[in-house]
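Here is a short briefing to read alongside the model.

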Amino acid sequence: YKLGGDWLAKMDSTRAWFNTQLEENIFPAIAASFPEVVTNVSTLRAHSVAMLKYNSTHPRTDVHIDNGVLALTLALSPQTDYEGGGTFFEHLGEDSLVEMDAGHATWRPGSVRHGGHRVSSGQRYIIGAFLLLEDRVEHVRRLKNRGAKLRQKGDLQGAIKHFEWALAINGKCATCLKDLSELRSSLADIEPQKRNEHLQEAEAFIRRSLDLLPSDSDALFNLGLVLSKKGDSAGALKAYEDSAAVNADDVELLYNLAMKYEEANRKEEGIAAYRKALKAQPSFGKARCNLGAALAESGDLDGALVEFLEAVRFDPTSPTPWQNLAVLYHKQGVSCVQGLAQCASKEAAVEISRTASQALGEADNAWRKVMELVDDQRTKQETVTRLAQVLQLRGRAVAIEDPAAALPHFLEATQLLPTEPSAWEALAKVYHIVGDEVNSKKAGARLGVLRSLAPQR
């Protein structure tokens, strides 16, 4: 998750004040709260201490655990400074907020899953700290941290060993079980010959984790991922729904849930899940593109256009939003051109041709943008073909009102697809219409050559 703020180690006066509060007030209270863990108040240490800022730009934290045997949250802002906010603990439900005014604090075991609730306006400052004990070596945490580093380096087998060692020390380490499940799921993609074996183990590990923490939204999400890989779409959908019931603002979860709703032909629920994901993260380009596609499929082309335009605005360097936009404008243009055959008057035909030309002009621009952004040659060639098709359609639309103005579109189509007979046929016809018989015959001759070379069927 992304929040504003910085480490207290960089804030000398704030750090000095906080250390005094720890020694005089917070550490004695924590020692009294956990006498079975804290043998002496002098053994408590705070590390990775940060001042964090929640606002409308960085409104919340996802549900998570903290990297310490104990953890602390200290509120710095009065509740009158912001709307929303507060800390919630997953096992109590997201609506069971612990609201803290300035100077209030909560402390807990580091393994308790919690999150910062959304701030809708204003600013909320807190101090967050992980707490360690000088007289206790946290072997499980150390093994997990080493395993995580090995995983980042790509040493999955080494990571698995460390997580298994951690689990051997603490058989109720839910995060160890989740880590092992995720690694087995990754190995299923890397080692296809053992895919089924790895996925079986991944499912077994994540279900053991859920036996320990049934309301763990991350574990439910991971179960959904594993079941999806196994081809159990109904099971995956149920897991995602259960996860969303606990943690309704996780954008990746809502995105996966929406896709599963679509697979199950529950289109309206899929659209609603995409909208919810976008409310939580408006810049989520994949969700915008999928929402646009779902709306287009349902017949809401205007709604689809809005989402594709927003996707382009948020992610202008990705080819996918531009492709979606181009396809939609292309379809609008095709629909208009097809409608020309039913026009009862020249005036009506001109009006429709202008609408078609405008839509196809937007498709033209979008396909050119795709050509700038894609790298692989196959996609580039497919885009060239799409652009040539748009140019021919645009030429047909423009020719209704001004055949001469249509020539550049047909010419460019032949330049993009020099071996496509239909492009030369259309060009020859337009030259004939405008009275340029010389060029019409040249285009016709090229057409004849291409047809003679075409395979006979």
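Predicted model: local features only at pLDDT ≥ 70, side-chain atom pairs only at ≥ 80, totals over all residues.

Residues are numbered from 1 along each chain as its sequence is written, and side-chain values use heavy atoms, leaving out hydrogens and water.

**Around R288**
- R288 belongs to helix 10, residues 285–297 (helices are DSSP runs of H or I, at least four residues, numbered from the N terminus).
- Beyond its neighbours within four places in sequence, R288 contacts L278, P282, E307, E310, A311 and F314 (contact: heavy atoms within 4.5 Å).

**Helix 2 and helix 3**
- The axes of helix 2 (residues 139–152) and helix 3 (residues 156–169) come within 8 Å and cross at roughly 165 degrees (lines fitted to C-alpha atoms over the stretch in contact, with angles from 0 to 180 degrees between N-to-C directions).
- The two, helix 2 and helix 3, are therefore roughly antiparallel (over 145 degrees).
- Their contact comprises ten nonpolar, four polar and three charged residues (nonpolar: Ala, Val, Leu, Ile, Met, Phe, Trp, Tyr, Cys and Pro; charged: Asp, Glu, Lys and Arg; polar: the others, Gly among them).

**Helix 12 and helix 13**
- Helix 12 (residues 319–339) packs against helix 13 (residues 346–373) at about 155 degrees, with axes 8 Å apart.
- That makes helix 12 roughly antiparallel to helix 13.
- The contact of helix 12 with helix 13 has 16 nonpolar, six polar and two charged residues.

Conventions. Parallel < 35°, antiparallel > 145°, perpendicular 65-115°, else oblique.
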